[in-house]
Amino acid sequence: MAFLTDYGQYDGFVAACHGVAARIAPDLRVIDVTHAVPPQDIRRGAVVLAQTVPYLPPSVVVGVVDPGVGSERRGIAVAAGDHVLIGPDNGLLPWAADVVGGISEAVELAAPEYRLGGDALTFHGRDIFAPTAAHVAAGVPLSALGPALSVGSVNRLPEPRVRVRPGTLETEVHSVDRFGNVELAGRADDLVAAGISAGGHVDVVIESTPDGPGRQISGLAVGRIFADVSPGELIVYVDSYGHVALAVNQGDAAAQLMVEPGNDLTLTASGR
Amino acid sequence: MAFLTDYGQYDGFVAACHGVAARIAPDLRVIDVTHAVPPQDIRRGAVVLAQTVPYLPPSVVVGVVDPGVGSERRGIAVAAGDHVLIGPDNGLLPWAADVVGGISEAVELAAPEYRLGGDALTFHGRDIFAPTAAHVAAGVPLSALGPALSVGSVNRLPEPRVRVRPGTLETEVHSVDRFGNVELAGRADDLVAAGISAGGHVDVVIESTPDGPGRQISGLAVGRIFADVSPGELIVYVDSYGHVALAVNQGDAAAQLMVEPGNDLTLTASGR
Amino acid sequence: MAFLTDYGQYDGFVAACHGVAARIAPDLRVIDVTHAVPPQDIRRGAVVLAQTVPYLPPSVVVGVVDPGVGSERRGIAVAAGDHVLIGPDNGLLPWAADVVGGISEAVELAAPEYRLGGDALTFHGRDIFAPTAAHVAAGVPLSALGPALSVGSVNRLPEPRVRVRPGTLETEVHSVDRFGNVELAGRADDLVAAGISAGGHVDVVIESTPDGPGRQISGLAVGRIFADVSPGELIVYVDSYGHVALAVNQGDAAAQLMVEPGNDLTLTASGR
C-alpha cells in the first residue's frame with residue numbers, strides 16, 4: 001500500500017490508518033508518499049501522487065485530501081496499469097492514473113463489509129479508504145467494492161495551462177518542492193516543440209497576480225544539471241519528472257522568483 | 001511495535017530506536033504513531049496514544065515523553081487488552097490503557113538483560129524502552145522484566161474537567177489537531193446527557209485565561225459532518241474519536257477561537 | 001536499508017526511492033534515519049549518520065545530501081564493519097564509517113546495470129543510490145558496482161576542533177538537536193583528559209562570531225542527567241553518543257546560549 005494524505009504527522013491519524021490496514025492484512029507493507037499536503041489542497045496531492053506512483057511496485061495507492069468528507073462526494077477505487085488507486089472522487093487520483101496507463105476500471109465504494117464499521121463521518125481514511133485498500137491488497141476484486149462507474153464520470157481537476165508556439169512556452173507553475181525548485185506544467189516535449197534546448201537562453205515573463213505585479217527575468221541559461229550555473233544563479237532545466245523547471249543552484253528559486261502553484265509564466269528563447 | 005515520542009524527526013533518535021529493536025527482533029514491524037509531541041508535553045502524548053491504540057493490531061506500544069529521564073521516576077510495562085504499553089511512569093500510558101480495557105498487569109522495568117547495555121542516562125527510548133519492547137514482542141513475559149506493581153500505584157494524569165447539567169456541558173479543550181479542530185474532553189454521551197443533539201444550536205462560552213479575556217460565541221450549529229455548515233463557519237460535532245469537538249468547515253477553529261488544550265469552555269443549548 | 005537525506009517529507013522524493021528499492025528487493029526493510037537534514041548541509045547529515053549507524057542492524061545505508069548532484073563528484077559505496085554505506089563522495093559518509101570500524105573497501109558507482117535507467121541528472125537518490133542499495137542488499141558485491149578506490153581517496157570533511165589542556169577543553173559545537181541540546185565535538189575521554197568530571201563545575205567561554213560578541217557563563221554544574229540541575233538551569237554532561245554536551249533541564253540550551261554548529265567554545269574547570 002502507498003499512502004498520501006493531508007493529515008500531517010502531528011496527530012495519530014496516519015498511524016490509525018496503518019493500524020486498521022495491518023489488522024486486515026498483517027503482512028502488507030506501506031510506503032508513505034507524503035502526509036504534508038497542505039490541508040485540503042487537492043491539486044498539490046494530485047501532483048505528488050502523479051510524480052511518485054510510477055516509481056512504486058504494483059500497489060494499492062490510497063490518497064486522502066478530502067475537504068468534502070462525509071458529504072455526497074463519492075469514494076472511488078480505480079484500476080490503472082498495475083495499480084489500484086483509492087480515495088475521494090474529487091480529482092485527487094486521475095493524474096496519477098494517467099501516468100501509469102490511465103483508468104481502466106472504476107467503482108464507487110459502497111459495500112459496507114470493507115469498511116471499519118460504525119458511522120464513517122469525518123475520518124474516511126481510517127474508516128473507509130485504508131480498510132478497503134487492505135482488503136484489495138488481500139485479494140478482494142474491485143467489482144466487489146460497489147457499482148461500476150464509467151471512466152468518464154470520474155471527476156478530474158482542470159488541466160493546467162500549456163501552450164506552445166515557435167520560440168515560446170506559455171505555462172503555469174505546477175509544483176514547488178522542498179528545495180524551492182519550481183516545476184512548470186509544461187514538459188520536456190513542449191520545450192523541444194518550442195525550439196528551446198540546453199545550451200541556449202530564455203527570457204521568463206511572470207504574469208501579474210493579485211499578490212504582485214508582473215516581472216521579467218532575461219537571459220536565463222537552459223541547462224541539464226544545477227551545476228551548469230554558478231551557486232546562487234537561476235537555471236531552466238528538465239526536472240527528474242520530465243517537466244520544465246526553474247531552480248537556483250544551491251538556492252531557493254520559488255523564494256527568489258516569488259511564485260507559487262498556479263502562477264502563469266512565459267518562456268521565450270533569447271539570443272542570450 | 002507502535003512508537004510515540006517527542007523526539008521529532010530532525011535527529012536520528014527515532015531511527016536508533018528502530019535499529020535497536022530490529023537487532024533484537026528482525027521481523028518486528030513498527031508503526032510510528034507520531035514523534036511530533038511537543039517536547040516534554042506528557043498530556044499531548046497521552047491524548048494521541050489513547051486516540052490511536054484502539055486502531056492498532058495487538059501490539060507492544062512504546063511511548064516516550066520523558067522530562068524526568070534518568071531520575072528516580074520508574075520505567076514501566078503495563079498489559080491492557082491485547083496490548084502491552086511500555087514507557088516512563090509519568091502518566092503517559094494509562095489513558096491509552098483505559099480505552100483498550102484498562103491495566104490488567106503492571107511491572108517495573110528493572111531486569112538489566114533487556115536493556116541495551118552501558119549506562120542508560122539520557123536516552124531511555126534507545127537504551128531501555130525500545131529493546132525491552134522488542135524482547136516482549138519476541139516473547140519475553142512481563143513478569144521477567146522486573147517486580148510486579150499494583151495497578152493503583154501507576155501514576156495517572158489529572159482527569160480533565162467534564163461536568164454535565166441539563167442543557168449545559170462544562171468541559172475543557174482536550175486536544176487541537178493538525179487542522180485546528182478543537183477536541184473537548186467531553187464525549188458524545190455527555191452531549192446526550194446535556195440534552196444537546198445534532199440539528200440544534202449551542203452558545204459557547206470560553207473562560208478567560210492568563211492570555212486573554214473570556215468570550216462567547218452564540219448560536220453555533222450542532223451537526224454531524226463539516227459540510228453541515230458553509231465553508232468558514234463553526235460547527236459543534238462528535239469527532240471520529242467520540243469526543244465533542246468544534247471545527248470550522250475547511251478552516252482552523254483553534255486559530256479562530258484562540259484556544260489551546262486546558263482552556264475551559266461551557267456549551268449551552270440555545271433556541272438558535 | 002537505512003536512509004538519510006535532505007529531501008524533507010513535503011514531496012514524494014523519499015517515497016520514490018522506497019518504491020524503486022522495493023521493486024528490486026521486495027522484502028527489504030527500510031529504516032528512515034531522517035530526511036530533515038537542512039538542504040545541502042553535508043556536515044549535519046554526516047553527524048546524524050555517525051550518531052545512528054552504530055545502533056542499526058547490519059545494513060546498507062544510503063545517505064544523500066548532494067549539492068553537486070549530476071556534476072563530476074563521484075558516487076561511492078564503502079564497506080565499514082557490517083555495513084555498506086552508499087552516497088555521494090563529498091564527506092557525508094566517512095564519519096559514520098569511522099564509528100563502525102572504518103572504511104575497509106571503497107568503490108566508485110559506475111556500472112549502469114544497477115541504476116534505474118534513463119539519464120540520472122538531478123535525482124541520484126532515486127536513479128542511482130536507492131537502486132544500487134537494493135541490489136547490494138540482494139547480494140550484489142561491491143566489486144561489481146565499479147572500479148575500486150583507495151580508502152585514502154575518499155573525500156572527508158575537515159575534522160572538528162578538539163584541543164585538550166590541563167583544566168581546559170577547547171572545542172566547537174558539533175550538533176544541535178530537536179530539544180536544543182548542544183553537542184560538542186569533544187568526547188567523554190577529552191573531558192577526562194582535561195580533568196573535568198561530574199560533580200564539578202566549569203566556566204564556558206563562547207567565542208565571538210560574525211553574528212554576535214563572545215560571552216562567558218560561569219560556574220555551570222557538570223552532571224550526569226538533566227535532573228542533576230533544576231528545571232531551566234544549564235548543565236554540562238556526556239550525552240548519549242559519548243560527546244560532551246550542554247543542556248537546559250526541560251529547556252532549550254541552543255536558544256539560551258545562542259550557539260549553532262561550528263561555534264567555538266572553551267570549557268575551563270572552575271572552583272564553583
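Reader: How many residue pairs are in polar contact between chain C and chain A?

Author: In this predicted model, 13 residue pairs, both partners at pLDDT 80 or more, are in polar contact between chain C and chain A.

Reader: How is the size of an interface given?

Author: It is often given as the accessible area lost when the parts come together. Here about 2600 Å² is buried between chain C and chain A, and carbon and sulfur atoms give 57% of that area. Chain C puts 35 residues into the contact and chain A puts in 29 residues.

Reader: Which residues form a salt bridge between chain C and chain A?

Author: The rule finds one salt bridge across this interface. Asp11(C) pairs with Arg44(A), with the closest N and O atoms 2.8 Å apart. Over all chains, the structure holds 30 salt bridges. Asp11(C) lies in the loop between strand S1 (2–5) and H1 of chain C, while Arg44(A) lies in helix H2 (residues 42–52) of chain A, so the pair joins two chains.

Reader: Are Asp11(C) and Arg44(A) buried or exposed?

Author: Both residues are buried. For a case inside one chain, take Arg156(A) and Asp98(A), whose closest N and O atoms are 2.6 Å apart in a salt bridge. Arg156(A) sits in the loop between strand S7 (148–149) and strand S8 (162–165), and Asp98(A) sits in helix H3 (residues 94–99), so this pair ties together parts of chain A that are 58 residues apart in sequence. Arg156(A) counts as partly exposed at 43% relative accessibility, and Asp98(A) counts as partly exposed at 37%.

Reader: What relates two copies of a chain?

Author: The relation is a rotation about an axis and a shift along it. Chain C can be laid on chain A by a turn of 120° and a shift of 0.0 Å along the axis, with an RMSD of 0.0 Å. That is the relation of a three-fold axis. The copies use different surfaces, as 11% of the contact residues of chain C recur in chain A.

Reader: Which residue of chain C comes closest to the rotation axis?

Author: Among the residues of chain C, Arg29(C) comes closest, with its C-alpha at 5.4 Å. For chain A the residue is Arg29(A), at 5.4 Å by C-alpha. Chain A can be laid on chain B by a turn of 120° and a shift of 0.0 Å along the axis, with an RMSD of 0.0 Å.

Key:
Residues are numbered from 1 along each chain as its sequence is written. Chains are lettered from A and ligands numbered from 1 in the order in which they are written. This is a predicted model: local features need pLDDT of at least 70, side-chain atom pairs count only at pLDDT 80 or more; totals for chains, interfaces and linings use all residues. Side-chain values use heavy atoms; hydrogens and water are left out. Contact means heavy atoms within 4.5 Å. Buried area is the accessible area (1.4 Å probe) that two parts lose on being put together, summed over both. A salt bridge is a side-chain nitrogen of Lys or Arg within 4 Å of a carboxyl oxygen of Asp or Glu. A polar contact is a pair of N or O atoms within 3.5 Å; within protein, one must be able to donate a hydrogen and the other to accept it, and residues adjacent in sequence count only if both atoms are side-chain atoms. Copies are superposed by least squares on the C-alpha atoms of residues with pLDDT of at least 70 in both. Helices (H or I, at least four residues) and strands (E, at least two) are DSSP runs, numbered from the N terminus. Buried means under 20% relative accessible area, exposed over 50%, partly exposed in between (1.4 Å probe, protein chains only).
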